[in-house]
Amino acid sequence: PPKKMLQALKGSARSASPVVRWLDSVWESRVSLPRQDRALKTLQEMPGPSGFSFAWDLFARGGLSRLHELQVEGRARYGPVWKASFGPILTVHVAEPALIEQVLRQEGQHPIRSDLSSWKDYRQLRGHAYGLLTAEGEEWQAIRSLLGKHMLRPRAVEAYSDTLNSVVTDLIAKLQFSRRQNAQGVVKDVASEFYRFGLEGISSVLFESRIGCLEPQVPPETERFIQAINTMFVMTLLTMAMPRWLHRLFPKPWRTFCQCWDYMFEFGPGPVQSWPTWLLVALVLMPEVQSALRREVEGVLGGREVPGAVDVAQMPLMKAVVKEVLRLYPVIPANARVIADRDIQVGGYLIPKKTLITLCHFATSRDPRFFSSPARFWPERWLSREEGHHPYASVPFGVGKRSCIGRRIAELELYLALARILTRFEVKPDPEGGEVRPMTRTLLVPQSHISLQFIER
Ligand code: HEM
């Protein structure tokens with residue numbers, strides 16, 4: 001029977017009737033359940049919402065854009081490990097640092113993140129090679145080793161300082177231009193400005209070319225590229241949740257998804273994230289932290305305007321601020337692993353090979369057992385000896401062989417930009433602005449436009 005139908009039937013018949021038990025056994029056998037092991041519990045014994053109620057949460061109650069919140073709710077309702085079916089995919093959620101560590105320590109030589117099935121489907125359809133994000137096995141290892149030399153070694157990354165600083169100079173000019181557009185010096189939709197800054201920075205480093213994202217008049221082909229990335233991320237979760245046979249019945253999401261990728265391949269550079277926005281929002285809400293950070297930056301620069309990678313090494317508060325923002329707003333709120341070649345043990349369960357394991361980083365990084373007053377933006381927690389954190393409680397760049405390869409570049413770009421913004425401007429809330437909440441669009445992004453006031457110093 002079609003998987004969707006099975007799920008719907010299972011969900012609507014909540015009591016454990018013989019029919020439901022039979023459906024369960026059919027469903028579980030589809031994810032190659034291992035034989036019963038006396039010491040370990042099986043997937044059947046794992047708690048979790050029924051397929052129907054999870055699908056209801058996702059599609060009828062706006063859960064697709066609240067996936068990060070569903071992690072926290074799932075942890076509270078089911079404990080550290082639970083299962084749920086995401087469209088055709090059954091996934092085991094893990095929301096405990098020690099168990100996330102347990103998964104990652106068993107990930108093997110060539111870790112597999114997840115199927116990112118719709119990204120791979122598109123590449124197969126068009127005959128494109130997989131990139132680092134989607135490649136697996138030896139192919140992934142070869143690309144990773146090659147890129148790692150240029151993106152992971154501290155010396156190699158330091159050498160990008162000048163290139164990144166020239167992009168930061170354009171960012172400052174763009175902020176000055178935008179703030180002059182109204183009497184109060186408010187920059188409307190700051191996230192869009194930083195998104196473009198991130199894109200320009202990566203393009204300048206990886207492709208040694210500027211694409212004009214920060215120009216007052218953005219070239220039309222660049223503008224289209226930016227929109228294509230946005231839409232592709234919005235469609236990613238939806239296309240992953242839709243079984244392939246549904247593409248024919250509801251062709252629009254898949255067609256739009258392909259059109260976005262077509263344009264991105266035609267245009268060039270790959271996708272990036274709009275990470276500095278959350279940072280400024282946090283600093284605006286905590287003006288005393290903003291002032292302390294400015295003092296630190298100015299103390300290190302001693303009158304110089306443009307910082308370098310060496311200066312950043314002497315800014316502990318800057319590093320703590322960035323860590324704290326990524327704890328509160330992890331750009332990638334959930335990561336994943338698939339252990340393809342063997343069953344593994346996690347938290348007393350035997351997880352069959354090839355099961356998609358979702359690592360609930362948003363939930364762990366807001367768990368009061370690991371971070372006191374977790375909703376509070378408090379960078380000093382990273383400097384204080386009293387606050388001990390589990391090393392896997394907040395891992396915004398992932399851990400291990402398959403962790404973020406752009407981490408050092410992203411951090412350097414962020415430090416350089418933040419240092420220049422703080423010496424040039426005092427950043428305040430938009431007098432007419434409201435509360436800002438995050439939502440999931442594959443990445444964690446602001447739910448609404450954010451406007452901030454930039455006051456020249
Ligand atoms: C604040 C900014 C960023 C954050 C929080 C972030 C986070 C992550 C995370 C969580 C992963 C998955 C790691 C894992 O599975 O263990 C990842 C992978 C990756 N990131 Fe980033 N990233 C950021 C910026 C960047 C930038 C600027 C680039 C490009 C220059 C980049 C390129 C990549 C690539 C290529 C992978 C896949 C690596 C692989 O599969 O081997 N990231 N990133």
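Modeller: The axes of helix α10 (residues 190–206) and helix α14 (residues 276–285) cross at roughly 135 degrees and come within 8 Å. Axes here are lines fitted to C-alpha atoms, for helices over the stretch in contact, with angles from 0 to 180 degrees between N-to-C directions. The two helices, α10 and α14, are therefore oblique to each other; angles under 35 degrees count as roughly parallel, over 145 as roughly antiparallel, 65 to 115 as roughly perpendicular and the rest as oblique. On the α10 side the contact is made by V190, A191, F194 and F197, and on the α14 side by P276, T277 and L280. Two residues are in contact if their C-beta atoms, placed from the backbone, lie within 7 Å. Six of the contact residues are nonpolar, one is polar and none is charged; Ala, Val, Leu, Ile, Met, Phe, Trp, Tyr, Cys and Pro count as nonpolar, Asp, Glu, Lys and Arg as charged, and the others, Gly among them, as polar.

This is a predicted model, in which local features need pLDDT of at least 70 and side-chain atom pairs count only at pLDDT 80 or more, while totals for chains, interfaces and linings use all residues. Residues are numbered from 1 along each chain as its sequence is written.

Residue L452 links this site to the rest of the chain. Leaving aside residues up to four places away in sequence, L452 touches V190 and L280, and also V186, V187, V284, V427, K428, P429 and D430. In the largest nonpolar core, which has 58 residues, L452 is one of the three that touch the most other members, with M318 and L418. Such a core is a set of buried Ala, Val, Leu, Ile, Met, Phe, Trp, Tyr and Cys residues joined through C-beta atoms within 7 Å. A residue is buried if 20 or more other C-beta atoms, placed from the backbone, lie within 10 Å of its own, exposed if 12 or fewer, and partly exposed in between. Helix α19 (residues 407–424) gives the most to this core, with eleven residues.

Another core, of 31 residues, lies apart from it and includes L359. In strand β7 (residues 356–359), L359 and I357 are buried on one side, and L356 and T358 on the other.

Over the whole chain of 457 residues, 38% are buried. The chain has 19 helices and eleven strands, taken as DSSP runs (H or I, at least four residues; E, at least two) numbered from the N terminus.
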